[in-house]
Amino acid sequence: MKLNKLILNNIEHSYGNSPILDKLCLELIGGEITCLIGESGAGKTTLLRIIAGLEKQSGGEIILGDRVISDHMSFIDTNKREIGLVVQERALFPHLKVIDNICFGLKGKKGYKIERAEYLMNIFRIINYRDSYPHEISSGEQQRVSLARALAPSPKILLMDEPFSSIDRALKFSLRKDTKEILKDEKITSLIVSHDFNDALEVADKLAIIDKGKIAQIGEPRSVVLNPINNQIKKQFLCETGDMLYWKSKIDEDNNK
Amino acid sequence: MRNFFSLSPIFIVAIIFSLPAIFIFLSLAQDFSSNWVHLVDTVLPEYLLNSLKLFIGVSIGVFILGVSTAWIISTCEFRGKKFFSWALILPFAIPPYIMSYAFTGLFDSYGTANDLARFIFQLDPETVLFPSVRNITGAIIVFSFTLYPYVFLISQTSFLNQSRDIFDVSRTLGLSRFKTFFKVALPIARPSIVAALMLVAMEVLSDFGAVEHFAIPTFTSGIFRTWFGLNDLTTAKQLASILFMIFLFLILIEKYSRRKILYTSNSTSNRELVPTPLKGYKEFFAIIICSLPIFIGFFIPFLQLIYWTIFYETSFFSSGFISLITNSLSLAAISSIICLSIATIINYIIRIEKNNFLSFINKIITSGYGIPGIVLALGVLNFFLILDNISNIILTGSLIGLIFAYCVKFYAVTNSSISSGFKKISINLDNVASSLGSPNRRILKSIHLPLLKSSFLIGTLVFMIEVIKELPATLILRPFNFNTLSVSAYNYASDERMIEAAAPSIGIVIACLIPIIILIKLIGKDEIE
């Protein structure tokens, strides 16, 4: 299986007169999970939408694998990019059963579609809800369906916008673990947008901090958390926990595990 | 639960409002006359077939017109969008029977359109370019262009409630915008659209004026002919009860669809759709698609009526016309005041009692909206004949019967406005007022009523539109020699005196247009949902 890398070169974008992304550069290495963290309004979701082709950047280029998918000359439409998307609110199709939601993006014979959907439902432990409608299952199960649906067509990369944010704490832990396992098994290059550093520590291979429309720091999650390069980033950790010691003890705890 | 007297208004209204329907159904227990057998053997299958053809044809017509325009307005950005978003509602001001008068005036052999074509192309006086519209196809066109706003409004709300995320995800899963519409947007909106189609079906099947003008035998015209032609009120009521049963079936489908709307619209995301800007030929087509229904459904019939009025110098502002307007407006005003009072009292009792059974009873009272005008008129007539015998006072043929029929039929309109008004008033306001020592009556007078002001206005406006347009019940129940705009337009049109029918028809259109414009302004100010 070919591992797809994604390269963002000097991405610029603005809404009216307010710049959102300012010559942002980022490289996602094939098969790796990268977590992008930043404060509200930092441009995280906009970046995700630009990569998915739901918006066109005002400057810069996006390269997926060996192909330029968007620059000032060319623009490949969303439905032809083979990029999976999981959104915070899950956005399951309310009129379709769980199995039909997962089969939605699959092409080919019915037998293949069902086989692939059932394989993913087994992995995500949602096979019992095969014939349920989205409103009949819990939010954690809905998020599993949403992930399975995005993974079903084997996308080149997977984009996830706050995938664990509206789920209760107990479920969040198991969902992060399962998601990491599946993404690693399927060897899918992934970008998770979040505001929770725990997502990066538990799921990601890399942590990128976005600030003022640029990548301010990138590296292995633990080292970024323990060594913020400036006060602005440090402040983000402190805002979340009130204490840098929290992160140190959390990382020690994870290491001991 | 309070004592019986505090709840009695709801039960009394429920019983009285149900009586016309009960009398209609009781007719099925009476013997079926030879007229009935004759009808079943001869014309009943034709009534059923024609009604079915109209139902299917109009459903397709309003679906195409309503859904396509709603989708364009909800998801696209183009020049004139703001104008189209309210102008597409204008055909609501033209009842199907008025449109049918205008259409026959336009497309008959010597109608305006053929005259114009002969003049422009210098053709023989016998040449007819436009085909006749006095047939089922013509009726389907008339109903589709006057009733599509139901589908437009309801689908538009449904599309706007769908989240942007759902469309985004669908596109990342490989679907184009076009396929996303058919595989995602349309199925999600389906329950809403079905509910709207049922409302349209009820309007079509209860219509009397347009089908009568086009000479299409349907249930309603059959009921009328059986009564006045065969002079057989019992058989007419028996026919009416069958029509009513069809309606009950349609209402059930509508209610079922509304239940489904609850979960299909239960999206977990609330990000609104971002309209796509249209340029070039796409913008041109969007403008054409949105203009067509307004042009055919409003401007053409309106211009035809104005043409008759101006060029044939009909007595537009004669004393007769003024009295028609006065009659229509005063009837609408009196019945709306009665209905608003009843709706306020009932919804207030439901609010303070918090009792599901009372809400259920209120729903029964609102179900009068589903009774076709002609069926209701027969039921009211039956009820008043009994009252005449009991009280020795002749109420039949008085304005009381007509006002009562309007109240039964259109109570749902005022109830919906008042009940949503009450829901918007936080129960905490009542609690705080109570804790400050205010008795319930004072809370109603000083808090609820002032806050319900816009609900009263909206309820009155929609109620007035409905009453002014109403034809069959008015025609049957009005006192002798008492005319309204709708009756006068019908009388002239049924004598083929189309030019004289223009003045009352324009009166109806303008009388409906004013409340519609006020409502659109209110919607623009976000004062109503």
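How many of the six residues of strand β9 of chain A are buried? In this predicted model, strand β9 (residues 206–211) of chain A is mostly covered, with five of its six residues buried.

Strand β9(A) belongs to an open sheet of six strands, in which the order is β6-β7-β8-β3-β9-β10 (chain A) and the pairing is mixed. The edges of the sheet are formed by β6 (83–86) and β10 (214–219) of chain A; each has a single partner strand, so one side of each lacks a neighbour in the sheet. From one strand to the next the twist averages 20°.

On one side, β9(A) is joined to strand β3 (residues 33–37) of chain A by four bridges, and these two strands run parallel. Within β9(A), the residue opposite Ile37(A) is Ile209(A). The pairing of β9(A) with β10(A) is antiparallel and comprises five bridges. Here Leu207(A) has Gly219(A) in β10(A) as its bridge partner. The hairpin of β9(A) and β10(A) has two residues between the strands, and Lys212(A) in this hairpin adopts a positive phi near 50°.

Elsewhere in the sheet, strand β7 (residues 157–161) of chain A pairs with strand β8 (residues 189–194) of chain A in the parallel sense, over five bridges. Ser190(A) in β8(A) is the bridge partner of Leu158(A). Helix α4 (residues 139–151) of chain A packs on the sheet and touches β6 and β7 of chain A. The direction of helix α4 of chain A makes about 170° with that of β6(A).

Chain A contains nine helices and 10 strands in total. A compact globule of 257 residues would have a radius of gyration near 18 Å, and the value of 18 Å for chain A agrees with this. The C-alpha trace of chain A spans about 55 × 50 × 35 Å along its principal axes. Of the 257 residues in chain A, 45% count as buried. When contacts in chain A between residues at least 6 apart in sequence are considered, 67% join residues at least 24 apart.

Most residues other than glycine have a negative phi. Asn10(A), a residue other than glycine, has a positive phi near 50°. Asn10(A) is placed in strand β1 (residues 6–15) of chain A. Asn10(A) counts as partly exposed because it has 13 C-beta neighbours inside 10 Å.

The contact between the two chains involves 20 residues of chain B and 19 residues of chain A. On the side of chain B that touches chain A, two or more residues are given by each of α8 (164–172), α9 (177–206) and α12 (233–264) of chain B. The most come from α8(B), which gives six residues. By class, this side of chain B has eight nonpolar, nine polar and three charged residues.

Chain B is itself divided into domain 1 (1–19 + 312–529) and domain 2 (62–209 + 242–311). A distance of 27 Å separates the C-alpha centres of domain 1 of chain B and domain 2 of chain B. Their contact takes 28 residues from domain 1 of chain B and 25 residues from domain 2 of chain B. On the side of domain 1 of chain B that touches domain 2 of chain B, at least two residues each are supplied by α16 (373–391), α22 (485–494) and α23 (498–524) of chain B. The largest share of this side, 13 residues, comes from α23(B). By class, the side of domain 1 of chain B that touches domain 2 of chain B has 23 nonpolar, four polar and one charged residues.

The loop between α22 and α23 of chain B holds Glu496(B). Phi of Glu496(B) is positive, near 60°, in a residue other than glycine. Is Glu496(B) buried or exposed? Glu496(B) has 12 other C-beta atoms within 10 Å and is therefore exposed, since a residue with 12 or fewer counts as exposed.

Notes. Residues are numbered from 1 along each chain as its sequence is written. Chains are lettered from A and ligands numbered from 1 in the order in which they are written. This is a predicted model: local features need pLDDT of at least 70, side-chain atom pairs count only at pLDDT 80 or more; totals for chains, interfaces and linings use all residues. Two strands pair if DSSP finds at least two bridges between them. Axes are lines fitted to C-alpha atoms, for helices over the stretch in contact, and angles run from 0 to 180 degrees between N-to-C directions. Two residues are in contact if their C-beta atoms, placed from the backbone, lie within 7 Å. The radius of gyration is taken over C-alpha atoms; the globule rule is 2.2 Å times the number of residues to the power 0.38. A residue is buried if 20 or more other C-beta atoms lie within 10 Å of its own, exposed if 12 or fewer, and partly exposed in between; C-beta atoms are placed from the backbone. Domain bounds come from an automatic or database domain assignment. Ala, Val, Leu, Ile, Met, Phe, Trp, Tyr, Cys and Pro count as nonpolar, Asp, Glu, Lys and Arg as charged, and the others, Gly among them, as polar.
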